[in-house]
Amino acid sequence: MSWHEGVRVVFEDARGRYVEALRDIESGEVLLSEKCAAAMVYRNTDPPCCSFCLRFLEKDPPEFRCDGCKLECYCSTACKDEARRSYHSSDGECAAFEAGIEAEAIGFEFGDVPERFLLRVLSQAGGWRTPGGPIVVGAGIDRVRMLQAHVPAPDTEERGRLAGISRNTLRLMDESVEDGVRVVDPSGDEPATTSRYGEAELTQLLCS
């Protein structure tokens, strides 16, 4: 993340984190530059956009749609195939999206934010591809975890709500709620399990 000249990030206990202007800001001036760690298109985006390259789609309804979850739409077969290869795997994120949609029919909340986007962060930034598979330590997920997280205090209603979302996310991923998701560090000769992301770690991601 690179903040441009003229602004600074401030944190106060009473107000939380916010951006403060140090001078008059001109209309259209770029204040922040950052490479995207994870991106997702809302279901009701109008006009619709490609879920992979984020370009506006020329056709509505979209010509290319994920054959599994039906949520992801694409501008071409190339984007569809690359999304499947790079993060939207049939056994991983796509299957979790499908499970979330099915659960909506019985009253489960599966909104674009935060439920669906948390899965996107774990798959696109974290490299999670299939149940039992790992989250991979690297630039994407590390950049998200480095963000300052404002996690609600224990025993509060909001903390309980976020913890519930985290547990349900693990269920959608077909991962153990008790053990969480395995995390590996690929920097060594043989990738080794370094930790696990459970309820607490996913709740922190939700608050980042």
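Glu104 is partly exposed, with a relative accessible area of 32%. Buried here means under 20% relative accessible area, exposed means over 50%, and partly exposed lies in between (1.4 Å probe, protein chains only).

This is a predicted model, in which local features need pLDDT of at least 70, side-chain atom pairs count only at pLDDT 80 or more, and totals for chains, interfaces and linings use all residues. Residues are numbered from 1 along each chain as its sequence is written, and side-chain values use heavy atoms, with hydrogens and water left out.

## Salt bridges

Side chains of opposite charge can pair when their charged atoms come close. The term covers a side-chain nitrogen of Lys or Arg within 4 Å of a carboxyl oxygen of Asp or Glu. Helices (H or I, at least four residues) and strands (E, at least two) are DSSP runs, numbered from the N terminus. Arg43 counts as partly exposed because its relative accessibility is 34%.

Arg43 and Glu104 also belong to a network of salt bridges.

How many salt bridges does the structure hold? The number is 14.

| Pair | N to O distance |
|---|---|
| Arg23 and Glu5 | 3.0 Å |
| Lys59 and Glu63 | 3.4 Å |

The side chains of Arg23 and Glu5 form a salt bridge. This pair, too, links distant parts of the chain, 18 residues apart. Arg23 lies in the loop between strand 3 (16-21) and strand 4 (32-33). Glu5 lies in the loop between strand 1 (2-3) and strand 2 (7-12). Arg23 is partly exposed at 29% relative accessibility, whereas Glu5 is exposed at 58%. Lys59 has a relative accessible area of 48%, so Lys59 is partly exposed.

## Two helices in contact

Two packed helices are described by the angle between their axes and the distance between the axes. The axes of helix 3 (residues 112-125) and helix 6 (residues 199-206) come within 10 Å and cross at roughly 105°. Axes are lines fitted to C-alpha atoms, for helices over the stretch in contact, and angles run from 0 to 180 degrees between N-to-C directions. Helix 3 is therefore roughly perpendicular to helix 6, a label for angles of 65 to 115 degrees.

Which residues make the contact? Helix 3 brings Pro114, Leu118 and Leu122, and helix 6 brings Leu202, Leu205 and Leu206. Contact means heavy atoms within 4.5 Å. By class, six residues are nonpolar, with no polar and no charged residues. Ala, Val, Leu, Ile, Met, Phe, Trp, Tyr, Cys and Pro count as nonpolar, Asp, Glu, Lys and Arg as charged, and the others, Gly among them, as polar.

## Aromatic pairs

The whole structure has two aromatic pairs. One of them is stacked, because the rings of Phe52 and Tyr87 have their centres 6.3 Å apart and their planes at 10°. Rings of Phe, Tyr and Trp (its six-membered ring) pair if their centres lie within 6.5 Å, and planes under 30 degrees apart count as stacked. Phe52 lies in the loop between strand 4 and strand 5, and Tyr87 in the loop between helix 1 (77-86) and helix 2, so the pair ties together parts 35 residues apart in sequence. Phe52 is partly exposed at 31%, but Tyr87 is buried at 2%.

Definitions and conventions
Angles under 35 degrees count as roughly parallel, over 145 as roughly antiparallel, 65 to 115 as roughly perpendicular and the rest as oblique. Rings of Phe, Tyr and Trp (its six-membered ring) pair if their centres lie within 6.5 Å; planes under 30 degrees apart count as stacked, over 60 as edge-to-face and the rest as tilted.
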